[in-house]
Amino acid sequence: MSREHILHRVRTAIGRSAGQPPSAAPPVRLRVLNDDPAARVATLLARVEALAGKTYHAAAPEDARAFVAAAIAGKTALASNAPFLAECGIANLPGVRTGITDREDLRECCSTVDIGITSADYALADTGTLVMLSTPREARLISLLPPAHIAVVPRGRILSGLDELFAILPNAAELTSSMVLITGPSRTADIEQILVRGVHGPGEITVVAVG
Amino acid sequence: MSAVFDKKIHQTLADANLQLAIYSATGRLKDKRTESVAADALPDYQELRTHANALKKHAIENLDHYLEEFERNVEAHGGKVVYCKDGAEVSDFVLDLAKQRGVSLIVKSKSMTTEEVDLNERLEHHGLESVETDLGEYILQLAHERPYHIVAPALHKTRYDVAAIFEKELHVSYETVPEKLSQIARGVLRQKFLDAGIGISGANFLVADSGAVVLVENEGNARLTTTAPRIHIAIAGIEKVIPRAQDLAVFLKLLARSATGQALSVYTSFLSGPRRAGEIDGPGEFYVVLLDNGRTKLLPSRAKRQSLYCIRCAACLNTCPVYRKIGGHSFPWVYSGPIGAIITPQFMGVSHEPGLPFASSLCGACAEVCPVKIDIPQVLLDLRSEVKKAETREKTNRLEKLSYRMFAWVMTHPRIYAWAGWMVRHAPIVKVGPVRAWTSQRDLPPMPRQSFRDIWSRR
């Protein structure tokens, strides 16, 4: 509609002509922490707990499986298609559905189950954040529609923080249509600044670090 | 000061409950920000601010380049970019698309840009249902009010207000516990998300090198808005574009801390294009509306274009002694507080509310907390000068000019000065028309019983 009109107004106002190369941009500023990778699990889990999330440090995949089995006892759950969940034996736990590849099927299932189980592409230790890329292995709604979300993350995927993430993934758009950073349970303080969890997204979040 | 502006201010000042609500909410947000940017929590805070300012300055100075780069990358990922010069063009675009796709229900996540162009009203006028899904915005939509605050839109509503609004509009029982109120809204809105054909979001950032829209939120409603419906439309001002995804490492650290004191908001979504082959969910169509609506008017002046650096964190509102007394609805447009005081006159023209740039003590607290270092007091001074120049042009400040001329005359004539001093001490001139108007807002210091000249002459 108004493309040419607006771009013309912009160029006239800032004194540039069409196709003129930009001036030199300020340098990229990434300060990757020189932290001890061994300490990241503890930092991540402490941050998640500070945000009212639950945590568990599993020594081995079987350990993670046992923890998740206990967490979902008697409830219904949907697991994403992440290979790591299958590796841990979580995808085939009783009461857990998995392997959904159809959009409508996924919406239906996510609207009814009690718990969504995913892995995460990365986790950021210093903020207690999960980084989820939308792929055939991970759907967006599993970490969003069910009232509780469990994320099972291999230790090697834990980064120091935001700067390291953008150093590793300078342009996530090349890989996916959606990258989401999840930092704690869904919350609002819109009524009298009183904190309420689980307003639209999951009110409960559990992070299981494995290894 | 216009009568409407004046009346709203006095109403707010006289309402004790409202005063308490504004003061405590902004105070809490202000304290959380201070804690989260303190030296032990974020040692490189000042360096990040300086860098953020440099990035915004660079992006605006090369705006056409980054808009075109953004557009190319959105299209490379299968999305579409639409440029709109005003609200009418935005609503025409949305209405056309809704008609073509047979959509009658739209869900919306919080966006100040859509408030700017009254998008909901425009869509509803044409028979579409457009539902706000951020809890605060939803409450206000039901109450037919505009946001009170950029980040905490329903800051002025108590739980009892919300209970009454929900009871009346949603026909539920009167419920005053915030958890329960949130659950009521969650239930109603969950169904809207699943039924809606279009989701409309704003954008916190547009990333040129990725063609991505970045959304920052705590509730999850923006994720649902951009995931559940088959069509996602992001509506953003043209100034939101930043060069690189890696620059988010700077901006994300500043935004949530400045707004609510969180290290990161709960959800930061980085969205580029419709869902790709193999991806299980996400919208099938992805549009980004780039809105001018007056922004290009700010670009020619180097001093004023810094108003476009704003990332809408509202830290300046929470710290402003004026906002904390007069509240959000006293401001004449959707943007309130110090940033509203500089944006509104520039978008709408200084004559929209000529009193606005003067409703500040120029204390500088806003500039001190601004994460992108906008020199708000300087822009206010520039706008004041513009208002005065316009008044001189239109000859509406005759009285003011006359009084300054008289003042100059008195000051340069010692006998008249002495007489005037006696008058001020002995005659009740504070009660005279124009003087009374001035003293109604300010305290005139009490006059000394004896003048310096008297004391001097008796030595």
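Because the model is predicted, local features need pLDDT of at least 70 and side-chain atom pairs count only at pLDDT 80 or more, whereas totals for chains, interfaces and linings use all residues. Residues are numbered from 1 along each chain as its sequence is written, and chains are lettered from A and ligands numbered from 1 in the order in which they are written.

**View 1. Overall make-up of chain A and chain B.**
Chain A has six helices and 12 strands, and chain B has 21 helices and 10 strands. Helices (H or I, at least four residues) and strands (E, at least two) are DSSP runs, numbered from the N terminus. Along the principal axes, the C-alpha atoms of chain A fill a box of roughly 65 × 45 × 40 Å, and the C-alpha trace of chain B spans about 95 × 55 × 50 Å. Of the 211 residues in chain A, 53% are buried; of the 459 residues in chain B, 49% are buried. A residue is buried if 20 or more other C-beta atoms lie within 10 Å of its own, exposed if 12 or fewer, and partly exposed in between, with C-beta atoms placed from the backbone. Two residues are in contact if their C-beta atoms, placed from the backbone, lie within 7 Å. Among contacts in chain A with a separation of 6 or more, 74% join residues 24 or more positions apart; for chain B, 73% of contacts between residues at least 6 apart in sequence join residues at least 24 apart.

**View 2. The contact between chain A and chain B.**
Chain B contributes 75 residues to this contact and chain A contributes 61 residues. On the side of chain B that touches chain A, helix H10 (residues 178–195) gives the most, with six residues. The residues of that side of chain B divide into 34 nonpolar, 23 polar and 18 charged. Ala, Val, Leu, Ile, Met, Phe, Trp, Tyr, Cys and Pro count as nonpolar, Asp, Glu, Lys and Arg as charged, and the others, Gly among them, as polar.

**View 3. Strand pairing between the chains.**
Strand S9 (residues 178–182) of chain A pairs with strand S9 (residues 267–271) of chain B in the antiparallel sense, over five bridges. Two strands pair if DSSP finds at least two bridges between them. Opposite Val180(A) stands Ser269(B) in S9(B).

**View 4. The open sheet of chain A.**
Six strands of chain A form an open sheet with parallel pairing, in the order S1-S12-S7-S4-S2-S3. Strand S1 (54–58) and strand S3 (96–97) of chain A stand at the edges, each with a single partner strand, so one side of each has no neighbour in the sheet. Strand S2 (residues 77–79) of chain A and S3(A) pair in the parallel sense over two bridges, and Arg97(A) in S3(A) is the bridge partner of Leu78(A). Helix H3 (residues 61–71) of chain A packs on the sheet, touching S1, strand S4 (115–118), strand S7 (148–154) and strand S12 (204–210) of chain A. The direction of H3 makes about 160 degrees with that of S12(A). Axes are lines fitted to C-alpha atoms, for helices over the stretch in contact, and angles run from 0 to 180 degrees between N-to-C directions.

**View 5. Helices H2 and H12 of chain B.**
The axes of helix H2 (residues 16–36) and helix H12 (residues 248–260) of chain B come within 6 Å and cross at roughly 140 degrees. H2(B) is therefore oblique to H12(B); angles under 35 degrees count as roughly parallel, over 145 as roughly antiparallel, 65 to 115 as roughly perpendicular and the rest as oblique. Leu29(B), Lys32(B), Arg33(B) and Ser36(B) of H2(B) make the contact with Arg257(B), Ser258(B) and Thr260(B) of H12(B). By class, these residues are one nonpolar, three polar and three charged.

**View 6. Helices H9 and H10 of chain B.**
Helix H9 (residues 159–170) of chain B and H10(B) pack at an angle of about 30 degrees, with their axes 10 Å apart. Their crossing is left-handed, a term used if the near helix is turned anticlockwise from the far one by less than a right angle, with right-handed used if clockwise. H9(B) contributes Arg159(B), Val162(B), Ala163(B), Phe166(B) and Leu170(B), and H10(B) contributes Pro178(B), Leu181(B), Ile184(B) and Val188(B). This contact has eight nonpolar, no polar and one charged residues.

**View 7. Two loop residues of chain B with positive phi.**
Most residues other than glycine have a negative phi. Arg312(B) has a positive phi, near 55 degrees, and lies in the loop between strand S10 (285–291) and helix H13 (315–319) of chain B. Phi of Lys373(B) is likewise positive, near 55 degrees, and Lys373(B) lies in the loop between helix H16 (365–369) and helix H17 (376–393) of chain B. Arg312(B) is partly exposed, with 19 other C-beta atoms within 10 Å, and Lys373(B) counts as partly exposed with 18 C-beta neighbours inside 10 Å.
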